[in-house]
Amino acid sequence: MSLQTDLSSGSSSGSLSFDQLYELYATDVLRVSYYYLGNREMAEDVTQDVFVKLITNNPVLEEGREKAWLLKVALNRCRDLWRSSWIKKVVLGHPGFECFPAPDEIGQMADQYSLAEAVNRLKPEFKEVVLLFYYQGFNVTEIADMLQIAEGTVSSRLSRARDKLQKELKGDDQQ
Amino acid sequence: MIKPEELRTATEKALSGLTADESLKQKILLKASESEQKEHEPVYRPVLKLCAIVGVLLLMVTGLNSIRPLSPSVPGEMTVFAAGGKDSSGTSIFAQIDTADITGIKIGNNEMITDSLYDDLIRILQSEAKESEAEVPAETGLLTLYMKDGTEKVFEISDPYLYKDGKCWICSGFFSRLQGINP
């Protein structure tokens with residue numbers, strides 16, 4: 001069933017308001033963008049662009065599919081920014097991945113940092129499927145639809161990304 | 001050892017201080033209202049007008065040329081038109097490959113792909129491959145086309161990209177097709 005997303009501050013029956021969508025999904029959009037780009041300011045810009053597009057385009061979103069739409073738009077935007085800055089990356093090198101733990105978590109999360117950093121170091125095409133599958137919990141069919149690629153390609157990339165991650169994390173363990 | 005399956009938990013801890021707060025929300029609302037205002041303003045588009053004028057001029061030149069050639073010709077002299085030129089779709093390297101000239105296709109160290117698939121694979125590259133700007137990754141595989149004249153065309157590959165001589169193409173369909181034949 002398709003529902004018109006109500007983007008006024010109030011909500012009518014069965015529709016999510018902008019406030020609700022922001023509260024539910026904006027942090028996920030921000031963190032996925034940060035994983036992709038490794039830069040907080042750019043991740044915030046992407047998050048802004050996504051929700052501005054939501055307000056100005058006012059798309060008809062299927063119930064339960066709002067998050068998929070938001071993340072799809074975010075990943076498209078991240079991909080554009082990544083490609084446009086590839087020369088900088090080749091010349092200047094990839095920026096380091098920074099964690100933002102809560103104050104009481106600092107010093108207690110070496111494993112979590114290793115995994116997050118390892119994900120950040122993946123190539124974009126692998127990073128996308130890993131973030132959508134392991135972080136956001138979408139299945140292969142949903143990911144294929146969001147990224148407009150074949151399901152076989154999603155499975156193949158997940159498999160190869162998993163191998164890369166396990167190799168990296170194993171290497172970290174042995175150090 | 002932490003596993004990829006624990007990424008959700010790991011992220012909640014590693015990035016718990018990175019959240020979409022009220023200030024970001026206000027920036028979004030401000031940007032949205034600014035972009036709505038811009039939509040209602042009349043826009044002066046000089047570039048479009050210039051393109052329209054140039055387009056009309058080109059049409060006129062083409063039309064005149066069909067009635068009377070603009071370059072003078074001497075009786076008995078033949079006008080030669082150069083063949084080839086860049087394929088506007090940017091896939092000229094694949095368009096030049098004739099499957100009848102291929103004697104073998106190999107991916108990495110795997111066995112040769114059977115010749116019944118040459119047409120399929122090359123057709124996909126010719127119709128779907130598009131130029132891309134993706135950088136060459138550290139690890140790539142090799143796609144080798146063995147030709148009748150003894151030459152080899154070698155591409156570095158990393159799903160969904162192919163690289164050769166500093167150029168890059170993206171073709172997801174090619175790698176999807178390969179997955180159907182490589183275990």
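**Entry 1. A pair in helix 5 of chain A**

I began with A:Glu117 and A:Arg121, whose side chains meet in a salt bridge at 3.5 Å, N to O. I count a salt bridge when a side-chain nitrogen of Lys or Arg is within 4 Å of a carboxyl oxygen of Asp or Glu. The model is predicted, so local features need pLDDT of at least 70 and side-chain atom pairs pLDDT 80 or more, while totals for chains, interfaces and linings use all residues. Residues are numbered from 1 along each chain as its sequence is written, chains are lettered from A and ligands numbered from 1 in the order in which they are written, and side-chain values use heavy atoms, with hydrogens and water left out.

Both A:Glu117 and A:Arg121 lie in helix 5 (residues 110-121) of chain A, 4 residues apart, about one turn of the helix. Helices (H or I, at least four residues) and strands (E, at least two) are DSSP runs, numbered from the N terminus.

A:Glu117 is partly exposed, with a relative accessible area of 21%, and A:Arg121 is partly exposed at 42%. The classes are buried under 20% relative accessible area, exposed over 50% and partly exposed in between (1.4 Å probe, protein chains only).

**Entry 2. The other partner of A:Arg121**

A:Arg121 also forms a salt bridge with A:Glu168, with the closest N and O atoms 2.3 Å apart. A:Glu168 sits in helix 8 (residues 151-174) of chain A and A:Arg121 in helix 5, so this pair ties together parts that are 47 residues apart in sequence. I noted A:Glu168 as partly exposed, at 29% relative accessible area.

**Entry 3. Around A:Gln136**

Is A:Gln136 buried or exposed? I found A:Gln136 buried, with a relative accessible area of 8%. A:Gln136 is in the loop between helix 6 (124-135) and helix 7 (140-147) of chain A.

The side chain of A:Gln136 makes polar contacts with the side chains of A:Asp28 (3.5 Å) and A:Lys67 (2.7 Å). A polar contact is a pair of N or O atoms within 3.5 Å; within protein, one must be able to donate a hydrogen and the other to accept it, and residues adjacent in sequence count only if both atoms are side-chain atoms.

Not counting residues up to four places away in sequence, A:Gln136 touches A:Asp28, A:Val32, A:Lys67, A:Leu71, A:Leu131 and B:Arg8. Contact here means heavy atoms within 4.5 Å.

A:Lys67 and A:Asp28 form a salt bridge with each other (3.5 Å, N to O). A:Lys67 lies in helix 3 (residues 66-84) of chain A and A:Asp28 in helix 1 (residues 18-37) of chain A, so the pair ties together parts that are 39 residues apart in sequence. Both A:Lys67 and A:Asp28 are buried.

Over all chains, I count 17 salt bridges.

**Entry 4. Chain B and its sheet**

Chain B has 6 helices and 6 strands, in the sequence pattern α-α-α-α-β-α-β-β-β-β-β-α. Of its 183 residues, 28% are buried.

Strands are paired if DSSP finds at least two bridges between them.

Strand 4 (residues 152-158) and strand 5 (residues 161-164) of chain B run antiparallel and are joined by 3 bridges. I looked up one partner: B:Glu156 is bridged to B:Tyr163 in strand 5 of chain B.

**Entry 5. Two strand residues of chain B**

B:Ile157, in strand 4 of chain B, is buried at 8% relative accessible area. Leaving aside neighbours within four places in sequence, its contacts include B:Ile107, B:Leu143, B:Leu162 and B:Phe175.

B:Thr103, in strand 1 of chain B, is partly exposed at 49%. Beyond four places in sequence, B:Thr103 is in contact with B:Tyr118, B:Tyr146, B:Met147 and B:Lys148. Its C-alpha atom is 9.1 Å from that of B:Gly150, 47 residues away along the chain.
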